[in-house]
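Here are my notes on the ligand site and the aromatic pairs. Please read them with the structure open.

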Amino acid sequence: MNLFFTLFRTNLNLNFGISALKYRFRKESKKIPETLLIVIGILFGFGSLIGLYSFLMYQVFSAGLNLGQPEIVLTIAFVSAQFIILIFGIFYILGVFYFGRDLSMLIPLPLSPYQVLGSKFAIVMINEYLTALPLLVPPIIIYGMGTGQGFFYWVKALILVLATPAIPLTIASIFVIVLMRFANLRKRKDLLTIVGGFVGLLLSLGLNFWIQKLQSGNMVNSIQRLIESDLIKMIGQSFPPSIWATLALGGQGFSGFAYLLLFLFVSLLLLAAMLRLGNQFFYKSVLSGQESTRKRKVLSSKNEHRRFNSSTSPMMAIIIREWRLLLRTPIYVLNGLSGVIIGPFILVLLFFTQGSAGGSGSYTTEQLLTLINRPEFMITGTLSALCIVLFTAGMNLVASTSLSREGQTFWISKMIPVKPKVQIVAKLLQAYSVAFLSVLVTVIMLALFFKFSLLRIAIVFSLGLLGSLPLTALNLLIDVLRPKLIWTNPHEAIKQNLNGLLGMLISIILLLLIGAGVIFIVMIKTPDSLVYGLLALVLLLLTVPSLLGLFNAAERTYRRTEV
Amino acid sequence: MIEIKNLSKAYNKGQVKAVDNLNLHVQSGEIFGFLGPNGAGKTTTIKMMVGLLNPDEGSISINGYDTKTQSIQAKSTIGYVPDNPDIYDRLTGIEYLNFMADVYRVSPEDRQKRINDFLEMFELSDAASDLIKSYSHGMKQKLVVTGALIHNPAVWILDEPMVGLDPKSAHLLKEYMRKHCEQGNTVFFSTHILEVAEKLCDRIGIINKGKLIAIGTMAELRQGSGTSSLENIFLELTEE
Ligand SMILES: Nc1ncnc2c1ncn2[C@@H]1O[C@H](COP(=O)(O)OP(=O)(O)OP(=O)(O)O)[C@@H](O)[C@H]1O
Ligand SMILES: [Mg+2]
């Protein structure tokens, strides 16, 4: 047991980077303001989300109260929390249990599989509180205050909240352990990353649509309809623990406690089953299939001849390297490319759902289409389209993590006799071609769905390409100014890299400023062609300093960074 | 030819003096062995020579090019093998070698011949079209050596190049180093294998705590200390 806690502590420390944080505060006091700023930003973002959620839940509570079923808000909360934990838990557990880099270090230690598994499970559990708490706490408070509950309610609530992740996570773990025993997915890590990413994307899209729907109609009405349809009960019945949780909290006296005990008992039972199963299977599936595939193709002399004969310029060689490394790392593809292509799709889809929701205040899709193509809305439509194009270009993670992605291989870039400027131009071209792609996709969408004329397409396309250049350069500049070169998992380079967020932020601010200016000159009735001309000029003027700044920063970073 | 003058470098804001006023001259056509206990400053010196670290003080010139003011020219004449190479896991061996050949502007004819020779010599031909991810430690090391020497650089700078190589590959690499020097080029390498240093090197330098404490041919070193084996000389000199 002692060993277990040591392991747990180490894991906890690694997981939340406690040592690194301590080090940061002690040794790099310069970075404290930056860290604080980030924390405040995150709190603010989360705060507003939780506020929105609480408001929604309050509506549900009131609607339930009208129908004499105030507990419905609790059922919804527990169902959604457990469901979300279950779905994401599967991928999360796969990652932590089977793909962690620490496994090769842990297996030789004198520990039983269940100890390793248990400590990893505990870590996942603690992380899942980050999901469970914001989903559960507001409804519990709303219900508790709303129905005037006493002391025991809050005690039961505390226990339930702490225990909630256990059932979905043990189910997910058992599923994963059995799955890995029979289908060896360790070799298919790349595939899994992509599948996991898309499941996440689909879920968040679905959620988005749902919220969209709720907001567009009369919310209270639709909540009432939702409750009357018994949908929640149905979902709840297929996952009884959420009903037990509701009854434990809503029930008075003995029955409440009985359901609480039932909930806890099932949690423990599942946990024991999971550990038992893990003890048997875990190491076996970890140890099999640690290989990466090899073709072992012997080079025929003709083949060889062709392969070594193709020489290109250093810049081209770097562009090719960048593309290969990007395309062969699933997490980069998912975050760097899909966003750019899916972005325009989402916008178009949102437009259509918005249009067809068909409440009294909104237009039908057809009405909207004719509206957009009316002469007096010509410029507004074109500029909005341009805004979408530039927005997607500004979200370019390929640019804002370009140098970071080199990580520990950065020494090669420092060693080769290629000027930093040339290397950075290669990176800029790669990122710009991604932006080009997204502009192209958006423009095609505009032509197909919004029936834009050729002239408008040409305007959006050319201004989009022009504007993407400074945006891409600025995103790249951020990464050049503060590259994150020390990481072990590519996730850290692209997803856990602040530069991506900063790049988006700066792009948005810039676009807002330009947008404000453009709105102003449109308002004072400037002729359309002059508006486009001025916009082109501004974008061009923006390009020059961003490129110069980028080249300067590159010279400096490549020279100063020591590896 | 390598010329190091008054080179100093400290880590952690001056707390750890890794290299302390080092002066060193390596002729063309010479194999120079760089010895010293762990943490003596070998890797630090080498990284400054190839431009991965910036010296606090002093200057380095490689084949007449100053590494600070003429860094690109200096880099073009260097072939560098690091002690613990991280290379692009998701490229194949061939793609990596072609990348290196491209950035060093090696002509197609030259690269074809050299790549084939090296792959044959290191028995890597079979694995060349696999992802580097699937390579063993030694295979990776051999690939890095190949990539570093693909442009036939005049100055080789190798940080413990024999680590991880099997006896045959290590032997071939030593022969190759010898041959390279006979053509008037320079080889500078660090090692902990005294036997290799003793047999292979024209001259040897021993560094301890950032300071060069001995330099010369084996004969000169023997004379200076009075003992015969390099091991004894090394132990004697680096003693507290
Ligand atoms: N990145 C770093 N940060 C701080 N100190 C460092 C760093 N790299 C090296 N040092 C310190 O500099 C000194 C010289 O290290 P260096 O790596 O040059 O030694 P070395 O001679 O190559 O040793 P070895 O034989 O173990 O490879 C050591 O005291 C080491 O602790
Ligand atoms: Mg070293």
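**Notes on the predicted model**

1. B:Ala40 places a backbone N or O atom 3.2 Å from an oxygen atom of ligand 1. For B:Gly41, the corresponding backbone distance to a ligand 1 oxygen is 3.0 Å. B:His192 uses a polar side-chain atom, 2.8 Å from an oxygen atom of ligand 1. The protein covers 63% of the 630 Å² of accessible area that ligand 1 has on its own (Shrake-Rupley method, 1.4 Å probe).

2. This is a predicted model: local features need pLDDT of at least 70, side-chain atom pairs count only at pLDDT 80 or more, and totals for chains, interfaces and linings use all residues. Side-chain values use heavy atoms, without hydrogens and water.

3. A search of the whole structure finds 17 aromatic pairs over all chains (Phe, Tyr or six-membered Trp rings, centres within 6.5 Å; planes under 30 degrees apart are stacked, over 60 edge-to-face, the rest tilted). The planes of A:Phe97 and A:Phe282 stand at 70° with ring centres 6.2 Å apart, so this pair is edge-to-face. A:Phe97 belongs to helix H4 and A:Phe282 to helix H13 of chain A, 185 residues apart (helices are DSSP runs, H or I, of at least four residues). A:Phe97 has a relative accessible area of 0% and is buried (under 20%). A:Phe282 is also buried, at 0%.

4. In chain B, the rings of B:Phe118 and B:Phe122 have centres 6.2 Å apart and planes at 25°, so they are stacked. Both B:Phe118 and B:Phe122 are buried.

Definitions and conventions:
Residues are numbered from 1 along each chain as its sequence is written. Chains are lettered from A and ligands numbered from 1 in the order in which they are written. A polar contact is a pair of N or O atoms within 3.5 Å; within protein, one must be able to donate a hydrogen and the other to accept it, and residues adjacent in sequence count only if both atoms are side-chain atoms. Helices (H or I, at least four residues) and strands (E, at least two) are DSSP runs, numbered from the N terminus. Buried means under 20% relative accessible area, exposed over 50%, partly exposed in between (1.4 Å probe, protein chains only).
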